[in-house]
Amino acid sequence: MLDDPGVDDLVRQWTEDHSKAAESDEINRIASEWLAEVPVQPQGIPGQRARGGNSPWAAVEATDPRFFAAMRERLPDVPAELISAAAGWWQMVGGLAEAKEWWDAGISPLDQRALDYRAAGLAPSDLKRRLGPLTVLDHLRRGSAPAWCVNRLQRQNERRSA
């Protein structure tokens with residue numbers, strides 16, 4: 001399905017976890033009946049009002065349709081719920097252009113590690129840089145810690161500027 005076996009495993013596991021079974025159908029039926037009895041609360045983030053004052057809460061979209069469309073284009077065979085969840089994470093941490101840069105650099109949008117790499121201080125352009133005989137992306141795929149790669153890149157930059 002995808003080039004990264006880790007992502008293939010993630011998609012396979014998600015599909016297995018979300019496959020319909022008689023027991024889960026019964027659980028969903030009971031939960032739906034129970035939720036139908038609960039009064040509906042207005043959607044919105046506390047403090048987020050449509051125009052301020054006492055107006056109703058502004059509705060919040062779970063996933064920006066632009067993120068979803070971009071991910072659907074790159075991952076046509078992945079279930080919509082999984083794409084929606086991944087798109088939700090990406091839209092919280094950065095813009096669509098940045099997410100596309102990560103994807104173009106070789107990191108799948110479904111790969112949680114991309115968010116970890118970003119949090120460690122790596123940029124998409126860093127993934128192609130060489131640390132010895134391997135690129136940063138090669139080091140990461142072989143299990144090197146993102147912080148180690150960031151540290152090595154910083155030392156490499158210091159040597160060049162000295």
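From the N terminus on, the elements of the protein chain follow the order α-α-α-α-α-α-β-β-α-α. That comes to 8 helices and 2 strands, where helices (H or I, at least four residues) and strands (E, at least two) are DSSP runs numbered from the N terminus. This is a predicted model, in which local features need pLDDT of at least 70 and side-chain atom pairs count only at pLDDT 80 or more, while totals for chains, interfaces and linings use all residues. Residues are numbered from 1 along each chain as its sequence is written, and side-chain values use heavy atoms, with hydrogens and water left out.

Let us start with the chain as a whole. Of its 162 residues, 30% count as buried; buried means under 20% relative accessible area, exposed over 50%, and partly exposed in between (1.4 Å probe, protein chains only). Among contacts (heavy atoms within 4.5 Å) between residues at least 6 apart in sequence, 43% join residues at least 24 apart.

Of its 31 residues, Trp-90, Leu-122, Leu-127 and Val-136 touch the most other members. Several helices each supply at least two residues of this core, including helix 1 (5-17), helix 3 (65-74) and helix 8 (146-161). Helix 4 gives the most, with 5 residues. The core lies between domain 1 (61-93) and domain 2 (108-161), because both give residues to it; the domain bounds come from an automatic or database domain assignment. Leaving aside neighbours within four places in sequence, Val-136 is in contact with Leu-122, Asp-126, Leu-127, Arg-129, Leu-131, Cys-149 and Leu-153.

There is also a cavity to look at: on a 1 Å grid over the protein atoms alone, a set of points where a 1.4 Å probe fits but cannot get out, with lining residues having an atom within 4 Å of a point. The structure holds 1 cavity of 30 Å³ or more, and its volume is the space filled by probe spheres set on the points, which are joined across faces, edges and corners.

| Largest cavity | Value |
|---|---|
| Space | About 30 Å³ |
| Nonpolar lining residues | 3 residues |

Asp-4, Ile-107, Asp-111, Arg-113, Tyr-117, Leu-137 and Arg-141 form the lining.

Definitions and conventions: A nonpolar core is a set of buried Ala, Val, Leu, Ile, Met, Phe, Trp, Tyr and Cys residues joined through side-chain atoms within 4.5 Å. On a 1 Å grid over the protein atoms alone, a cavity is a set of points where a 1.4 Å probe fits but cannot get out, and a pocket is an open set with protein on both sides within 12 Å along at least five of seven lines; lining residues have an atom within 4 Å of a point. Ala, Val, Leu, Ile, Met, Phe, Trp, Tyr, Cys and Pro count as nonpolar, Asp, Glu, Lys and Arg as charged, and the others, Gly among them, as polar.
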